[in-house]
Amino acid sequence: MATNFDQGHLLLLEEMGLPNPFKTWRYPGAIPLSSARFLADRDEVLCVERGGAWRAYPLRLIAAHHIVQDQMQDQEVLVTF
Amino acid sequence: MRDKETGSCWLHFTGECVMGRYAGHALALVPTSLLSWRAFRTLYPQATVIGPTNPLWRRLLGRIISNPPVFVMPGFFRRTMREPDRRLPESELGLGLVIRQRRASDSVIESAERFYPRRPVRGAGVINDRIGDIPVMIASDPWSGSSVAFVAVMDGRELHFRPAEEGLFLDETTGTLFDLAGRGVRGPLQGRRLHPAPSISARWYGFVTTYPRASIWIAGG
């Protein structure tokens, strides 16, 4: 998944003494689809499968983090935007 | 991105470490797809979704970043990039395929990359294409306009698709209907599944920065 910032850009921010605005979201917690009333049909979600289980990462939730560190079926996954 | 344990720097596009202790290593890529919420919950009703537990200001910022009214490349960001490839607008959304094949003559692995801009793919509904020797199918999610890609071969037979019902695609070779997960849902290949083609949803500038030799799919080309 593409991001607006590449690695060189992050380092440039640090060299300029600026804070990195994108903080990794660690283990956000997952809910059943029926509980997700905050999403509209057209909202885009990044779909990840591990060990036969599927999980959606709504772009509008993860975009301001750029990186989500999560666990699915006892496997560590890194979701990047 | 950088890991805190060693400070090594990794490309999020490919999972490769380009600087630091793990330079030369790569994280294992997990196949993903970008779909509409409507398509996802239809295809995977037993799945889960992450909840809105992050701070409200990040959720509001995320709405803007994920769907900006106007795409603006920050000036200082541009300083870290090579000259833009103007074959497409840099903000163009699309699906980039990366196909690697081992050459039979000398076992060298060749890589071919192609970018499928979202808008013409949506207009077509489904694309039948070939990258190197590999037939591929690119299908458009009718609710979001995003695309998914599959290898259009099953049991050694090349398949050829056209749009059918909403979110479904008909293989004209066998008469089987497939969904956006690549599953045969009706017809002779019901229950079978197409193999996903290695792909990444991206803006043009990001894909061509990583794969500067990428070709572009053109409707009617």
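Helices and strands here are DSSP runs: a helix has at least four residues, a strand at least two, and numbering starts at the N terminus. The model is predicted.

**Exercise 1. Read the fold of chain A.**
Task: state which pattern of helices and strands chain A follows along the sequence.

Solution. 
- Step 1. Count the elements. Chain A has two helices and six strands.
- Step 2. The pattern is α-β-β-β-β-α-β-β.
- Step 3. Of the 81 residues of chain A, 54% count as buried.
- Step 4. The accessible surface of chain A is about 3700 Å², and 49% of it belongs to carbon and sulfur atoms.

**Exercise 2. Judge the shape of chain B.**
Task: decide how the radius of gyration of chain B relates to the globule rule for 221 residues.

Solution. 
- Step 1. List the elements. Chain B has five helices and 18 strands.
- Step 2. Compare the two values. The radius of gyration of chain B is 19 Å, close to the 17 Å from the globule rule, so chain B is as compact as a globular protein of that length.
- Step 3. Look at the extent. The C-alpha trace of chain B spans about 55 × 50 × 35 Å along its principal axes.
- Step 4. Check the burial. Buried residues make up 45% of the 221 residues in chain B.
- Step 5. Check the contacts. Take those in chain B with a separation of 6 or more: 47% of them join residues 24 or more positions apart.

**Exercise 3. Find the centre of the largest nonpolar core.**
Task: name the residues of the largest nonpolar core that touch the most other members, and say which elements supply the core.

Solution. 
- Step 1. Name the residues. The core has 31 residues, and those touching the most other members are Trp37(B), Phe40(B), Met137(B), Phe161(B), Leu180(B) and Leu194(B).
- Step 2. Trace the elements. Chain A gives strand 3 (44–50) and strand 4 (53–58), while chain B gives helix 1 (37–43), strand 8 (134–140) and strand 9 (147–151); each supplies at least two residues of this core.
- Step 3. Pick the main supplier. Helix 1 of chain B gives the largest share, four residues.
- Step 4. Zoom in on Phe161(B). Leaving aside neighbours within four places in sequence, the contacts of Phe161(B) include Val126(B), Met137(B), Phe169(B), Phe178(B) and Leu194(B).
- Step 5. Note the other core. A second, separate core of 18 residues includes Leu61(A), Met72(A), Phe81(A) and Ile50(B).

**Exercise 4. Compare salt bridges.**

Solution. 
- Step 1. Start with the total. The structure holds 13 salt bridges over all chains.
- Step 2. Take Asp43(A) and Arg60(A). Asp43(A) lies in the loop between strand 2 (30–32) and strand 3 of chain A, and Arg60(A) in helix 2 (residues 59–62), so the pair ties together parts 17 residues apart in sequence.
- Step 3. Take Asp129(B) and Arg114(B). Asp129(B) sits in strand 7 (residues 126–131) and Arg114(B) in strand 6 (residues 109–117) of chain B, so the pair ties together parts 15 residues apart in sequence.
- Step 4. Look for a network. Salt bridges that share partners join Asp41(A), Arg38(B) and Arg41(B).

**Exercise 5. Inspect two loop residues.**
Task: state where Asp74(A) and Asp155(B) lie and what their phi values are.

Solution. 
- Step 1. The phi of Asp74(A) is near 65°, a positive value in a residue other than glycine.
- Step 2. Classify Asp74(A). The cut-off for exposed is over 50%. Asp74(A) is exposed because its relative accessible area is 73%.
- Step 3. At 62% relative accessibility, Asp155(B) counts as exposed.

Note on methods: Residues numbered from 1 in each chain as written. Chains lettered and ligands numbered in written order. Predicted model: local features only at pLDDT ≥ 70, side-chain atom pairs only at ≥ 80, totals over all residues. Heavy atoms only, no water. Core = buried A, V, L, I, M, F, W, Y, C linked by side-chain atoms within 4.5 Å. Buried < 20%, exposed > 50% of the residue type's maximum accessible area, 1.4 Å probe, protein only. Contact = heavy atoms within 4.5 Å. Rg over C-alpha atoms; globule rule 2.2 N^0.38 Å. Salt bridge = Lys/Arg side-chain N within 4 Å of Asp/Glu carboxyl O. Areas by Shrake-Rupley, 256 points an atom, 1.4 Å probe, with all protein chains shown as cover.
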